[in-house]
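Morning, everyone. I have one structure to walk through today. Please keep it open while I talk.

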Amino acid sequence: MAEALIRPAANAAALARQGQAGASAETTRSVTLAVENMRCGGCMSTIERALREADGVRMARANLTAKRVTVVLDPTATDVPRLIDVLDRRGFKAAELTRENSEDDRAYERDLLRRVGVAGFAAANVMLLSVSVWAGYASDMDATVGSLFHWISALIALPAIAYAGQPFFRSGWRALRGGHLNMDVPISLGIILATGMSLFQTIRGTEQVYFDAAITLAFFLLIGRFLDERMRTRARGAAQNLLGLKSMVATVIGEDGRLSRVPSHALMAGMRVQIAAGERVPVDGLVRRGRGEIEESLITGETVPRLVEEGARVYAGTVSTVGTLEVEATATDEGTLVAEIGRLMSAAEQGRGRYVRLADRAARIYAPAVHILGLATLVGWLLLGVGWETALTYAIAVLIITCPCALALAVPAVQVAAASRLFARGVVIKAGDGLERLAEADAVVLDKTGTLTRGEPRLANADEIGDAALAAAARLAAHSRHPYSRAIVRAAERRGLSVAAVDGITEVAGCGLLLETPQGQERLGRADWVGIAAVGSADGATLWHRRGKSEPVGFRMEDALRPDAPEIVRALGRAGYAVELLSGDRAAAVDDAARAAGIGTWRGQVGPEGKIARLQELRAAGRRVVMIGDGLNDAPALASAHASISPSSAADISQTAADVVFQGEHLGPVVETLAVAKAARAMALQNFAIAIAYNIVCVPLAMAGLVTPLIAALAMSGSSIAVTANALRLRTRKLELRR
C-alpha cells in the first residue's frame with residue numbers, strides 16, 4: 001500500500017524550474033506535505049519560512065485551502081523526515097502525501113476549458129463574418145468580397161476546429177479502431193464533412209459555405225463535454241488514500257536502544273516502534289512495553305479509547321491518546337488491517353464501476369441511428385439522381401441536426417443545476433453518476449458514530465454541575481486528549497470558565513488524571529479509581545471528580561444524536577425507504593441510538609466485511625441501498641453500496657469513497673440530496689424527451705433536403721438552449737422527498 005510513498009507531484013518539473021536557482025532539475029525532487037493544523041495566513045508564512053530556512057530546501061509553497069505545502073528539495077542535503085521535524089519544532093504536525101490520482105482528471109478539465117475558449121472565440125468571429133455575407137447577398141455586395149469573407153472564415157475556423165475538435169476526433173478514432181461506434185463518431189463526421197465541404201466550396205467560389213455551422217457545433221459540444229467532465233470527480237485509489245491514515249514517519253527503537261525516525265514504508269515485521277501520546281500507530285503489532293489508551297473509532301466506531309497493556313494488539317491508523325507505548329511490528333504495509341480494508345474497498349469500487357449512466361445507455365442506441373440516417377439520406381438522394389455535392393450536403397445537414405448536443409447536455413446541465421443547489425446547502429457532489437444512483441435508491445443504511453450521532457462525547461448533565469466543580473474538573477481535563485476530557489473542557493468553555501491546564505498532572509492509563517495538592521490528591525477518572533464505591537452508587541455517571549475527602553462530583557457522558565436525526569428517520573420512512581443502522585460499536589450503544597432515532601432494524605459490532613455482507617444481502621433482496629457513514633470501517637461499505645453519502649467530519653478515506661459529502665451537524669442535507677436526486681433524474685428524462693421531439697421534427701426535414709447545414713446548426717443550438725433552460729428550473733423548485 002505504501003509502495004508509492006514518495007512520488008513527484010504533477011507539477012514537479014515546473015516547481016523545480018522555479019525554485020532550484022540554477023541547479024539542474026535532476027538534483028531536486030518535489031514532495032507534498034499535509035499540514036494538519038495550518039489554519040490561517042500566519043501559519044502559511046511561518047511554515048514557508050521555516051522550510052525555506054532548512055538546509056537543502058529550494059522552494060516551499062503552502063496551500064491554506066488544501067492544508068498542504070509543496071517543497072522542492074535537494075535529496076542529497078535533506079529528506080522528508082527532517083522536514084517533518086522542522087515543522088514539528090514550530091508546532092505543526094505534518095505527513096507526506098503521494099500525488100493525487102485526480103490530477104490527471106483536473107488537467108483534462110483545464111484542457112477542455114481551453115478548447116471551449118478557442119472554439120467560442122472562433123465561432124463568434126466566423127458568425128460575424130457570416131452575418132456580413134448574408135447581409136451582402138441581400139444587397140449589392142460583389143461576389144469577390146463574399147469570397148474574401150469566406151477565405152477569412154476558413155483561416156479562422158480551420159485551425160480552431162483542428163484544435164478544439166481533438167477530443168471528439170481522438171475518441172471517435174479509438175472507437176472505430178476498436179470495431180464499435182460511440183457518440184463521438186457522428187460528431188466527428190459532422191464537423192469534418194461540414195468543414196471539408198465548406199473548404200471545397202470556398203475554393204470553387206460558391207455560396208454554400210458552412211464554417212460557422214462546424215465551429216458552432218464544436219463549441220456547443222465542448223461545453224457539454226466540459227460540464228460532464230466537471231461532474232466526474234472519481235474516487236482516488238484506496239491504497240493511496242489510506243496512506244493519509246497511517247503515520248508517515250515512525251520512531252524505531254534500535255538494538256542499542258537508540259531512537260531513529262524512518263518512513264513507515266521502510267518498517268519490517270519484528271522491528272520495535274515507539275508511539276507517543278497523540279501519534280498514529282504505523283504498524284499492526286503487539287504492545288511489548290508501556291500502558292496506554294488507543295482510539296479506534298475509525299476502525300470499530302467505538303468512541304471510547306481502548307486500554308492497552310503489554311501483550312495487547314494494536315492496528316495501523318489508530319491513535320495513541322494516553323501513554324507511551326513500545327510496539328513490536330507483526331504486519332506492515334500490505335499486511336496491515338488498513339491495507340486489508342483498502343483491498344475490500346478496491347473490490348467494492350470495481351463492482352459499482354459496472355453501473356451504466358443514463359446518457360451512456362441512450363448513446364448506445366443513438367450513435368448507430370445517426371449513421372444510418374445520414375447514410376440513408378446520401379444514398380437516397382443519389383438514387384434520385386441529384387449530384388453528389390447536393391446529396392452530401394443534405395447528408396451533412398442530417399449529421400449536424402442529429403449531432404447529440406442536446407443529448408450531451410441533457411444530463412450535465414441538470415447535474416450542474418443540482419450541484420449548484422446542493423452546494424448552497426452545504427452538500428458537495430463528488431461522483432458524476434452519483435445523483436442517478438441516489439435517485440434509484442429505496443433503502444438507507446446508516447452508521448452510528450459520527451453519522452447518526454455527533455461522533456464525540458458530550459457532557460449530558462452539565463446543568464446539574466456548579467461552576468466551581470466544573471472549573472476544577474476542566475483544570476485537570478485540559479491536560480488530556482481523551483474524548484471525555486475534551487467534553488468537560490468544551491462544557492467549561494461554553495460556560496465561560498477558565499480551563500488553563502496546571503503543572504504536575506499525571507495521566508494514569510485506564511484510570512484518569514491525578515494532581516497532588518496540599519489538600520490531598522485530586523482525581524478525575526473512573527469511579528472505582530476515584531473511590532466512589534466507598535461513598536455510594538455511581539448514579540450512571542461516566543467520570544468522577546474528587547479532591548481529597550470532599551464529596552465527589554459525577555459527569556455523565558453521552559454521544560448525542562444529531563439534532564434532527566429522529567425527524568429525518570421519520571421522513572425517510574414516510575417516503576418509503578427501508579432504514580437500518582449498522583455499527584461497529586457495542587450492541588448496547590447501538591440499541592440505545594436506534595431506539596432514540598426510531599430505527600427498528602439495527603446490528604452492532606459489525607466490521608467492514610460484515611457491513612459489505614449485509615449490503616449484499618439487501619442487494620440480493622432487490623434493494624438499492626444508500627450507505628451513510630464516516631469512519632475508516634465504513635469506507636468499503638460506502639464503495640460497495642449502490643450510492644453513498646458521508647459527512648464532512650468523516651475520515652478522508654470515507655469522503656473519497658462517498659458520492660456525496662454534506663456539512664453541518666444536521667442530517668437534513670441527506671433528505672434534500674435524495675429529493676434533488678429524484679428531481680434531477682426526472683428533469684434529465686424531460687431533457688431526453690425534448691431532444692427526441694426535436695429530432696422527430698427536424699430530422700425528416702433535413703432528410704428531405706429542406707434544411708441547410710447552417711440551419712441545422714442553429715436548430716441544434718436551439719435544442720441545446722431548451723434543455724439547459726429546463727435544467728435551470730431545478731435551482732429554484734420547491735422539492736419534497738417522495739417515493
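Let me start with a cut-off: a residue counts as buried when its relative accessible area is under 20%, and as exposed when that value is over 50%. By the way, this is a predicted model.

Take Thr-453. Buried or exposed? Thr-453 has a relative accessible area of 1%. The cut-off is under 20%, so Thr-453 is buried. Where does Thr-453 lie? Thr-453 is in the loop between α16, residues 448-452, and β16, residues 458-459. Leaving out residues up to four places away in sequence, Thr-453 touches Lys-448, Asp-559, Ala-560, Leu-561 and Arg-562. Also look at His-666. Thr-453 and His-666 are 213 residues apart along the chain, and their C-alpha atoms are separated by 9.7 Å.

Now a contrast, Gln-605. Gln-605 has 61% relative accessibility, so it counts as exposed. Gln-605 is in a loop too, this one between β24 (601-603) and α22 (608-620). Check the backbone there. Phi of Gln-605 is near 55°, which is a positive value in a residue other than glycine.

Step back to the whole protein. There are 26 helices and 27 strands. Of the 739 residues, 53% are buried. Take the contacts with a separation of 6 or more: 69% of them are between residues 24 or more positions apart.

Next, the sheets. Six strands form an open sheet, with antiparallel pairing, in the order β6-β5-β7-β13-β8-β11. Which strands are at the edges? They are β6 (259-263) and β11 (313-314), and each pairs on one side only. Look at the β11 end. There, β8 (residues 284-289) pairs with β11 over two bridges, in the antiparallel sense. Gly-285 stands opposite Val-314 in β11. Helix α3 lies across β5 (249-253) and β6, and runs at about 115° to β6.

On to β18, β19 and β20. β18 (residues 512-517) and β19 (residues 520-525) run antiparallel, joined by six bridges. They form a hairpin, with two residues between the strands. β19 also pairs with β20 (residues 543-547), antiparallel again, over four bridges.

A helix next: α5, residues 143-164. Helix α5 has 22 residues and reaches 31 Å from its first C-alpha to its last, close to the 32 Å expected. Which residues of α5 are buried? They are Gly-146, His-150, Ser-153, Ala-154, Ala-157, Ala-160, Ile-161 and Ala-164. Keep the general rule in mind as you read that list. An α-helix has 3.6 residues a turn, so residues three or four places apart point the same way.

Last stop, cavities. How many cavities of 30 Å³ or more does a search of the whole structure find? One. About 70 Å³ of space lies in the largest cavity. Its lining is Val-411, Val-414, Gln-415, Leu-435, Glu-436, Ala-677, Ala-680, Arg-681 and Ala-684. The elements giving two or more residues to that lining are α14 (405-424), α15 (434-440) and α25 (668-703). The largest share, four residues, comes from α25.

That's the tour. Thanks.

Conventions
Residues are numbered from 1 along each chain as its sequence is written. This is a predicted model: local features need pLDDT of at least 70, side-chain atom pairs count only at pLDDT 80 or more; totals for chains, interfaces and linings use all residues. Side-chain values use heavy atoms; hydrogens and water are left out. Buried means under 20% relative accessible area, exposed over 50%, partly exposed in between (1.4 Å probe, protein chains only). Contact means heavy atoms within 4.5 Å. The expected span of a helix is 1.5 Å times one less than its number of residues. Two strands pair if DSSP finds at least two bridges between them. Axes are lines fitted to C-alpha atoms, for helices over the stretch in contact, and angles run from 0 to 180 degrees between N-to-C directions. On a 1 Å grid over the protein atoms alone, a cavity is a set of points where a 1.4 Å probe fits but cannot get out, and a pocket is an open set with protein on both sides within 12 Å along at least five of seven lines; lining residues have an atom within 4 Å of a point. Grid points are joined across faces, edges and corners, and a volume is the space filled by probe spheres set on the points.
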